[in-house]
Amino acid sequence: MSKFLKLGKKSIAVILSVLMILPFLLSGASAANLIDEALLIPNRMVTEERYYTVTKGITEKYIVLNSTSKDNQIKNYIYEVDLKNEDLSIIAGYNKCDGNPTDYGMLTLPEQVNFAEANRGVNVVACVNGGGYNTRTGEPAGLLIMDGKMIHSSSEKQNGFFAILNDGTADIRRYGERTDDVKEAVAGMLLLVENGVYLNISDPAIHPRTSVGIKKDGTVVFMVSDGRQTPDSCGMTYQEQAYTMMALGCVDVLALDGGGSSTFMTQREALSDTTIRNTPCYGFARPIATSLMVCTSANPTNVFDHIAFSETEYTVYPLHSIAIHYAGCDENGFKANIPKGKLVVEDESYGSLRGSTFYAKDKEGTVNLNYVVDGEVIDSVPVTITLEADSFVDKGINNFVRMMGNIIDMFKFIIRKIKSIFA
């Protein structure tokens, strides 16, 4: 019987190891261009990158990292906010976003977005979870300022806070620094990078992470890194969180609350709803206390400016098909009617279109799909036909891998909690 159990354990280990490296057997790493790969921690590489437009001034990035031994994958969800765009602002969210300092409570990030739009009269297009909090009462663990009003004061345990100043610029400050010029602020967990220097946090724990950082030019960067989903997404240490944000160009970085709180939402152009993009580690958006939301004051013009494709590049196997989704947008990313025209394949030796579905031929390479109006190309999107694919590995396998990773990490988490109780 013991031999059978040992054999079973070995078999499970082999299966998980194969599943861990399977995406790399079926795919090749893409060249990094959305992140400075040279600034990542040693033995870390980029394996997949995509980008999307949220609205003018906000770019969303999806970057997958792995170790050079291909056994430590991390999925990262990022958006960058250009605060020089006068239509954009960043606000603090809290519970029902009604500015009541005694109204402690917890709501999911989608619920907070709905209350912010109703009670603060804003249009939220991107958001992440905020800082730590009392999980029983929902009281924030540190500074919280909303619309210039002190909702919750600082404490000596607070390591730093992210602030939007009265002039609309962003800053990351230490505990005890001035707040009289602050319009919005949320406390963080740990200050990771200051003036381009990593602060050598010694904690080796690996978890889902949420970060906010500021580039030298004032651009604000938000990142959520999925974790506790081995091997689909393993999570990060504070060190890797810091170096990844520096590779994205940040010179100051603050760690926000992580773990089950890590949630990332965006409303991509031509869409009407702000949607959760990452995979929270427990499979659902957990109720949280605070958040950071990006809002736009721009209004729809109803004047066509460009086409928004659902992907910036499509990938398909030879002799397979893929649906091409697209919509017309105005200059601010709001939906607008597309001029009457037609989507056509630039080189039909690669495939053909039936309606908005592309059917690939038995030929590898990249071809443009052009939207043509009166003989003129007004927009296009590339389609890559390849057997080396990492963005369309069988979803059943991915779901199974995620499920197994969740189960394993959940048991590890429970065991650690039990040990801490009886220690």
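Are Phe 162 and Phe 222 buried or exposed? In this predicted model, in which local features need pLDDT of at least 70, side-chain atom pairs count only at pLDDT 80 or more, and totals for chains, interfaces and linings use all residues, both Phe 162 and Phe 222 are buried (under 20% relative accessible area; exposed is over 50% and partly exposed in between, with a 1.4 Å probe and protein chains only). Residues are numbered from 1 along each chain as its sequence is written, and side-chain values use heavy atoms, with hydrogens and water left out.

Aromatic pairs (Phe, Tyr or Trp rings, the six-membered one for Trp, with centres within 6.5 Å; planes under 30 degrees apart are stacked, over 60 edge-to-face, the rest tilted) number eight. Phe 162 and Phe 222 form an edge-to-face pair, with 6.2 Å between centres and 65° between planes. Because Phe 162 belongs to strand E8 (residues 161-165) and Phe 222 to strand E14, this pair ties together parts 60 residues apart in sequence; strands (E) are DSSP runs of at least two residues and helices (H or I) of at least four, numbered from the N terminus. Both residues also belong to a cluster of ring pairs that includes Tyr 62, Tyr 77, Tyr 79 and Phe 264.

Arg 228 is located in the loop between strand E14 (220-225) and helix H3 (238-247). Arg 228 counts as buried because its relative accessibility is 13%. Its side chain makes polar contacts (N or O atoms within 3.5 Å, one able to donate a hydrogen and the other to accept it within protein; residues adjacent in sequence count only if both atoms are side-chain atoms) with the side chains of His 207, at 3.0 Å, and Tyr 282, at 2.8 Å.
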